[in-house]
Amino acid sequence: MQHTDTPITILGSGNVATHLAQAFHQAGYPIAQVWSRDFDHAEQLAYLVDAEPVNQLSRLNTTSVVYLMAVSDDALYELPLDLSLREALVLHTSGSVPMSVLRTTSRHHGVLYAPQTFVRTQQIDYSTLPFCIEASNPVAMQMLHRLASSVSDKVYEVDSDQRRWLHVASVLVNNFGNALHALSQDLLQKHGLKFEMLQPLIELTTQKAIAEEAASHSLWKLQTGPAIRHDEKTIDRHLTMLKDDDTLFELYQLMTRAIQEHCTQKEETKQ
């Protein structure tokens, strides 16, 4: 479906900007311009979506219906001060910056946030990408909902406070999750083992989490291991093995305590 009546201007040229520009371009929206402080970066993205590259805010057109600001959090506190777009729908994509940062830019403003890691060269099935949306008024919400729904089947209305908590949870499962994988990889390599040996375990754990959340909304039911069994001999043995690595020693203790405390609370709640 073509959306020729809704031209979009993209501000930013990084990973998020690249994916969203391509997602909306593929959905039939004309991408009018791509702005970046670095003209070469603007040009590279503009080429992918048949847009005009610009590196000066003064050269932004005033005819786009949507202005999507996929820039750093710091830039979100600077750029809106230099823009006045009046009736356009102005959006940012940050998980931690409140919607109100855009209030001086346009009365129709909002947030289009996707809790996802974007890598410029990695393909994404945009139809499954969760879009969390917030808008300043009913008109803006209607426009934003139509925009998001044209790309994804998963659109959620999420306010600024909820979005901040979602961002924290995203850091836990993604950034911290990957760090745990990396620490495990380092540990295995140190002892002559391959990380690929854990691949089936990682895949099954993820599959079970997705299935269980859909079924009962309680991932603690899936918890296994020495912590939930209160297997103190195994826990002490592991801690002895990790005693020369302060980071892993502390993490093991912390996660063991968290598992035991949460699972104990769950059992007490049932009684």
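Here is a tour from the whole chain down to a few side chains.

Before you click, note that this is a predicted model, where local features need pLDDT of at least 70, side-chain atom pairs count only at pLDDT 80 or more, and totals for chains, interfaces and linings use all residues. Residues are numbered from 1 along each chain as its sequence is written, and side-chain values use heavy atoms, with hydrogens and water left out.

**Stop 1: the whole chain.** Colour by secondary structure and you get nine helices and eight strands (DSSP runs numbered from the N terminus: H or I of at least four residues for helices, E of at least two for strands). Along the principal axes, the C-alpha atoms fill a box of roughly 70 × 45 × 35 Å. Of the 271 residues, 39% are buried (under 20% relative accessible area, with exposed over 50% and partly exposed in between, using a 1.4 Å probe and protein chains only).

**Stop 2: the rings.** Select F24, Y29 and F131, a cluster linked by ring pairs. Rings of Phe, Tyr and Trp (its six-membered ring) pair if their centres lie within 6.5 Å; planes under 30 degrees apart are stacked, over 60 edge-to-face, the rest tilted. The structure holds two such aromatic pairs. F24 and Y29 have ring centres 5.8 Å apart and planes at 90 degrees, so they are edge-to-face. Are F24 and Y29 buried or exposed? Both are buried, and F131 is buried as well.

**Stop 3: the salt bridges.** There are seven in the structure, each a side-chain nitrogen of Lys or Arg within 4 Å of a carboxyl oxygen of Asp or Glu. Pick R163 and E134, which meet at 2.8 Å, N to O. R163 lies in helix α5 (residues 160–190) and E134 in strand β7, so the bridge ties together parts 29 residues apart in sequence. Both partners are buried.

Next, select R37 and E78, bridged at 3.7 Å, N to O. R37 sits in the loop between β2 (31–35) and α2 (39–48), and E78 in the loop between α3 (73–76) and β5 (86–92), so parts 41 residues apart in sequence are tied together. R37 is exposed, at 55% relative accessible area, while E78 is partly exposed at 43%.

Finish on D231 and R229, another salt bridge at 3.7 Å, N to O. Here D231 is partly exposed at 22% relative accessible area, and R229 is exposed at 54%.
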